[in-house]
Amino acid sequence: DDVRILVFPDATSGVPEPVAVAARPVLSQATPNPFRGGTRLLATFARPTVFAAAVYGVDGRLVRHLADGIAAAGDRDLYWDGLTDDGRPAASGTYFIQVAAGDDAVTQRVVRVR
């Protein structure tokens, strides 16, 4: 795993202690998966970061833009309603939800059934 070491002062002594913080976002399992109407997952960011979240088909084409902007450290709720960017229902099949933050990206496979 890509881990960066941050240094924080110890609460009692004030002496800096190294703390490992994962550099890349972490994705929870999408639920439900497989899904009909929509699926939800959490992206967890270790620190504030610029991010983008999108859904891609198995052929790599962009299906749906979910979110982008600056995420605070902590959890960010992501939801895909099963629609494409033009508002049509996506076909049944396998899709990939990707969250990119800085130079890192993580992907979660989801299956849509209709």
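Predicted model: local features only at pLDDT ≥ 70, side-chain atom pairs only at ≥ 80, totals over all residues.
**Core.** I looked up the largest nonpolar core and found 21 residues in it. The members that touch the most others are Phe45, Phe51, Leu78, Trp80, Tyr95, Val99 and Val110. I then asked which strands supply the core: strand 4 (39-45), strand 5 (49-57), strand 6 (62-71), strand 7 (74-80), strand 8 (93-101) and strand 9 (104-112) each give at least two residues. Strand 8 contributes the most, with four.

**Trp80.** I listed the contacts of Trp80, leaving out residues up to four places away in sequence. Among them are Phe35, Val55, Val63, Leu66, Ala90, Tyr95 and Val110. Trp80 also touches Gly37, Gly38 and Thr39, as well as Arg64 and Arg112.

**Salt bridges.** My search of the whole structure returned six salt bridges.

I took the pair Asp77 and Arg40 next; their closest N and O atoms are 2.6 Å apart. This pair joins distant parts of the chain, with Asp77 in strand 7 and Arg40 in strand 4, 37 residues apart.

Arg61 bridges to Asp59, with 3.4 Å between the closest N and O atoms. I noted Arg61 as partly exposed at 42% relative accessibility. Asp59 counts as exposed because its value of 56% is over the 50% cut-off.

For Asp86 and Arg88 I recorded a closest N to O distance of 2.6 Å. Arg88 is exposed, at 55%.

Last, I found Arg64, Asp81 and Asp85 linked in a salt-bridge network. Arg64 is also one of the residues that Trp80 touches.

Technical notes: Residues numbered from 1 in each chain as written. Heavy atoms only, no water. Core = buried A, V, L, I, M, F, W, Y, C linked by side-chain atoms within 4.5 Å. Buried < 20%, exposed > 50% of the residue type's maximum accessible area, 1.4 Å probe, protein only. Contact = heavy atoms within 4.5 Å. Salt bridge = Lys/Arg side-chain N within 4 Å of Asp/Glu carboxyl O.
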